[in-house]
Amino acid sequence: MRVEFFGDEVDSIRSFNVASQRSVEKLKGINIYGCRQVALTEDNVAKALAQLTGPYPEWLEEEVGKLKDMHYFEGIDKYLPFLYGKAATVMDYLSPDALVIVDEPEETLQAAQQHLSQQVSYIDHLAEHRSIIKPPYPYFRKPKEILSRTRLELTSLGEAKSTLAIKASPVQPLAGRVEQLSDRINDYLGLGLTVILALHDRGQLDKMAQILGNSKIPYTSGAGESVGDAKTVLLVTGDICGGFTSPDLGLALISYTDIFGRKAIQQKSIAQSKGRAIADIADLKAGDYVVHSTHGIAVYGGLQRREVAGIVRDYALLEYAGTDRLFVPIEQLDRITKYIGVAGEAPIVSRLGGSEWLKAKKKAKASVKKVAYDLLSLYAERSKARGTAFTPDSPWQQELEDAFAYQETPDQLTAIDDVKKDMEDVKPMDRLICGDVGYGKTEVAVRAAFKAIVDGKQVMVLVPTTILAQQHYTTFNERLSQFPVTVEMISRFKSPAQQKDIITRFNKGKVDVLIGTHRLFSQDVKPFDLGLVVIDEEQRFGVNHKEKLRNFKKSVDVLTLSATPIPRTLQMSIAGVRDMSVIETPPEHRQPIITHVGRYDQEMVVQAVRRELGRGGQIYYVHNRVDTIDRVAARLHALIPEARVAVAHGQMSEHQLEKIMLAFLAKKYDVLVCTTIIESGIDIPSVNTLIVDMAEILGLAQLYQLRGRVGRSDQRAYAYFFFSPQRLLTLQAFERLKTISDFTELGSGMKIALRDLEIRGAGDLLGAEQHGHMSAIGFELYCQMLREAIEQFEGKPVFEPVEIRIDLPVNAYLPDTYIAEESLRIETYKRIIMARDIDDVRQASFELKDRFGTPPQAVNTLLDIAKLRLLARHLGITEITYQNGRIRISSLRLTKQQEMVLANQYDNVAFHSQRNYLVVTKLVQDQIIAFLLALFDDIIIVLTTEVMKSQKAR
């Protein structure tokens, strides 16, 4: 909620979208409830202090002091029994006639008892280790006491004292076969059952109404509808996991899941916040190395506000060699990028005004031409190659996409369109889809695979691990089950005889999709008619495998999926040589993962595990050493006896590993102590705590992928990365751990990849030694030069951006009192100066007013200057300067007729046609911007009118 005040009075209350920060609707009022379980009063504090008699242990003294002062602090909940005595539960707040429904009472009671035992054990552990004082009253009520009141019990086994038996059976799933739905409904109606279809939202309800209308099945829909005519289907909105039929109730309830095969989760199509590239200036901190495209490498000193000749502006301070300093006007922020060099080496800071920077740029420009030639030569073979031009989407393709149970995000739809366009081109596709784990990359691959299959081609899906192969096999089978498509998998989970049979059928063209690990590179795998290769997590394959992948790319469409692409892949994509689509929109309910990085702390491990057990979840404990993993599991079990611990690693037999993973998936174990085998593994929503020891030995992409194994549901997830206390961290290990700690927001995959590029070094492209040149000018500028060189080789025009100098006696900046956070001010500045048209400026103005209130004059002037710059660019004006009460505008070409028209409108404007500039005089200072905006509008009107007259004359 956003509450706006006028003095001490509430002026407005608005709900707003957290991602876009824009207001959604105005509200008349809101209820604000307490955000803590503890509410301190003089009475309950006095009661607690009477029981907490001194002398206090050293660890307790500070907390008791805060209680005396009525201050809240982290961990205050542990004093609940001292403050309140007997704890209240949610049952105590229900009215006497409230109906409590208990599903499967025996199982519920057992689960509650187990939860209570875990919590009591945890409390005893904390008291034993002097983290808390043993309370006078228990923290928790007994389950039987809570469930003792009158209730309705739902049980599938046994009988209660008063039993009402209702026979019901689950709806047989249709798995997306919508054409069979009408037959199913008619069968139910013929049996005299009332049919209810539960759809997730209004859009799905309208779509279902259209399907029923086409099938001539009568229906009613809308809120508040009651069950009436048994021959009419009732359409309702609701999120249920599965339907049922019950002749006893005369009811058939069909859910969206029953029709389309998986739970429908609506993801709003509004733009969510996106992870910005690490090179974004808004990510800079004082002390970072930066590159100014004109003046070279410097140290960023932060935003500085300066007053020059009575005019206040914000500048970015850049510190150069010696005592040289440069204040860059905010309108030139787009010239500054974060320095990314080679292997983490500190760059040589440039001397302001020296010739070294110009020489470095000149050398880099010369060398980059060779790299561009090498890259283009490499891809020329593929460009000339004649691959398969797949046909446009078929009706089956549309049917497959309609059966997708999730709402596609805007980024996902863009990526799908990009892939389809590539596949319909005769040139073999080589596209990288970069997106965080769980962001929908697999669905892009499924649709691409089906497009190839419809045209009679085969698809190979290459994955780095057996577990990931199993996951993709399940997904592809589920999505393609309604079509005549054969999906097979080759992995360690298959016997040699099974593998031989699958490969034989694949080679004969009887298998459409083959999913597997590096086994697919074997000599006996000879596709009958291969059309598409999907590579998941390319960075996990070795050098020899990548050489074989290059052979695929010469004639077959290749689609690569990655959350953290390897530096060279990223280089090629950024340089524009390889196509890339980025999916940055997170799922609607996804929350950032709370990440802790530090030295190994046994007490923190125990607390983390017990906290997850307390909420009924599961834990991954990653120890990437097979020889000591059993000892780690035994130690963990000794510390937390109530935890059920299992061990999994890649050296187990396939049957043993499969058994352990399936048991963990079925919640027969609480903690899985494993190696990085889970890095790309089965998605288990109940696992929401990750603990990694010896994190310093893992790569940055590994750390990021491991963190992506948790937080797959709407539960808050936690990730702990511990490094060995007895080991001294290397600089690169420190940078990796710092990065995983810094980038915790959703959509950080590209940031992580770019930081990995920075830590490991930009390296060389295709073996061409470019270390020195990249180090001298930075990776961003190097890539820009590379793009320009490639465009020149391809015969495309390269345009240098024209600088527009605006020097007027007006205050234009974002005050600290308006936007306090520097990174937000920088981001806002960049959005304003990067506006492509007047509408972008207007949208920025609306957002500022919405988020921060009515803009002060300095902000309005800043927005008006942005409009002035856009109009100047449209007119070809490069300079607007003020001196001695006169404004000079150049360069501007006008015909005599146009000059005469404007001279009749303005008596204070003089034209100098020989030098292509005009001079404005007799201006009131606080009206300069408004006058210039009106003048430029009139000039555009005059120019447009002349063009129209000329066209009419012709």
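This is a predicted model: local features need pLDDT of at least 70, side-chain atom pairs count only at pLDDT 80 or more; totals for chains, interfaces and linings use all residues.

Analyst: Residues are numbered from 1 along each chain as its sequence is written, and side-chain values use heavy atoms, with hydrogens and water left out.

User: Why is the contact of D418 and R431 called a salt bridge?

Analyst: The label needs a side-chain nitrogen of Lys or Arg within 4 Å of a carboxyl oxygen of Asp or Glu. D418 and R431 come in at 3.9 Å, N to O, so they pass.

User: Where do D418 and R431 sit?

Analyst: D418 is in helix α11 (residues 410-424) and R431 in strand β17 (residues 430-435), so the pair links distant parts of the chain, 13 residues apart. Helices (H or I, at least four residues) and strands (E, at least two) are DSSP runs, numbered from the N terminus.

User: Why does R431 count as buried?

Analyst: Buried means under 20% relative accessible area, exposed over 50%, and partly exposed in between (1.4 Å probe, protein chains only). R431 has 9%, so it's buried.

User: What makes R836 exposed and D840 partly exposed?

Analyst: R836 has a relative accessible area of 72%, so it clears the exposed cut-off. D840 has 23%, so it lands in the in-between class. These two side chains also form a salt bridge, at 3.6 Å, N to O.

User: How many salt bridges does the rule give?

Analyst: The count comes to 34.

User: What makes strand β7 mostly covered?

Analyst: In β7 (residues 194-199), six of its six residues are buried. T194, I196 and A198 are buried on one side, and V195, L197 and L199 on the other.

User: How do you know that β7 pairs with β11 and β9?

Analyst: Two strands pair if DSSP finds at least two bridges between them. β7 and β11 (residues 251-255) have five, in the parallel sense, so they qualify. β7 and β9 (residues 233-237) have four, also parallel, so they qualify too. A198 has S255 in β11 as its bridge partner, while L197 stands opposite L235 in β9.
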